[in-house]
Amino acid sequence: MIRTNNISFSYTEYEKTEELESDDRELVIAAREAALNAYAPYSNFKVGAAIRLETGIIVKGANVENAAFPSGICAERSALSNSISNHPEDKPVALAIAAMTEEGLTDDFPAPCGNCRQVIAEEESRTGNKIKIILAGKNKTQIIDGISCLLPLQFKGKNLKINLP
Ligand code: THU
């Protein structure tokens, strides 16, 4: 039998940063601060990510580029490496992303790249917690309820037999 399935998701859009609830607004501000620390001399595209952990700690990350291009890292993975390395037991509950060019914060929503989506998905699997994803444009913000919206039908390595305990 052949079946056609459909995947859809809803997300919330806010017109202005001030409309966000205070925890989310604080995280967006942290992501914008993180973007200021980006090292992006090749693209001039500075991205900041801020993760709120279950205990309330906020961990930041920025993109760090390299002359050997693939050696660079995105802001989201930079922030996740930071939180997992320093707070492995404290589960991420939300991740805000902001981006800026020479002209300032981007109007566009800085959606995570495919690599970062995969890494966010692994962190949701590792912790068993959904991570709220907050895409902060200069004014508008989109809030997405977990990575499966952005990465449906994801690879979870379920049948991998290598290196499993
Ligand atoms: N970048 C991020 O930091 N996050 C993303 O999800 C997409 C792209 C960075 C990588 C590179 O330093 C710059 O943005 C331009 O692609």
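**A loop residue and the ligand site**

Author: Asn-44 is partly exposed, at a relative accessible area of 37% (between 20% and 50%, where under 20% is buried and over 50% is exposed, with a 1.4 Å probe and protein chains only). Asn-44 is not a glycine, yet its phi is positive, about 55°. Most residues other than glycine have a negative phi. Asn-44 lies in the loop between α1 (22–36) and β2 (46–53). Helices (H or I, at least four residues) and strands (E, at least two) are DSSP runs, numbered from the N terminus.

This is a predicted model, where local features need pLDDT of at least 70, side-chain atom pairs count only at pLDDT 80 or more, and totals for chains, interfaces and linings use all residues. Residues are numbered from 1 along each chain as its sequence is written, and side-chain values use heavy atoms, leaving out hydrogens and water.

Now the ligand. Residues around the ligand include Ser-43, Phe-45 and Val-47 (each has a heavy atom within 4 Å of it). Asn-63, Glu-76 and Cys-113 are also among them. By class, this shell has 7 nonpolar, 2 polar and 2 charged residues (Ala, Val, Leu, Ile, Met, Phe, Trp, Tyr, Cys and Pro count as nonpolar, Asp, Glu, Lys and Arg as charged, the others, Gly among them, as polar).

Look at the oxygen atoms of the ligand. A polar side-chain atom of Asn-63 lies 2.9 Å from one oxygen atom of the ligand. For Glu-76, a polar side-chain atom is 2.8 Å from a ligand oxygen atom. Cys-113 uses a polar backbone atom, 2.9 Å from an oxygen atom of the ligand.

Note on methods. A polar contact is a pair of N or O atoms within 3.5 Å; within protein, one must be able to donate a hydrogen and the other to accept it, and residues adjacent in sequence count only if both atoms are side-chain atoms.
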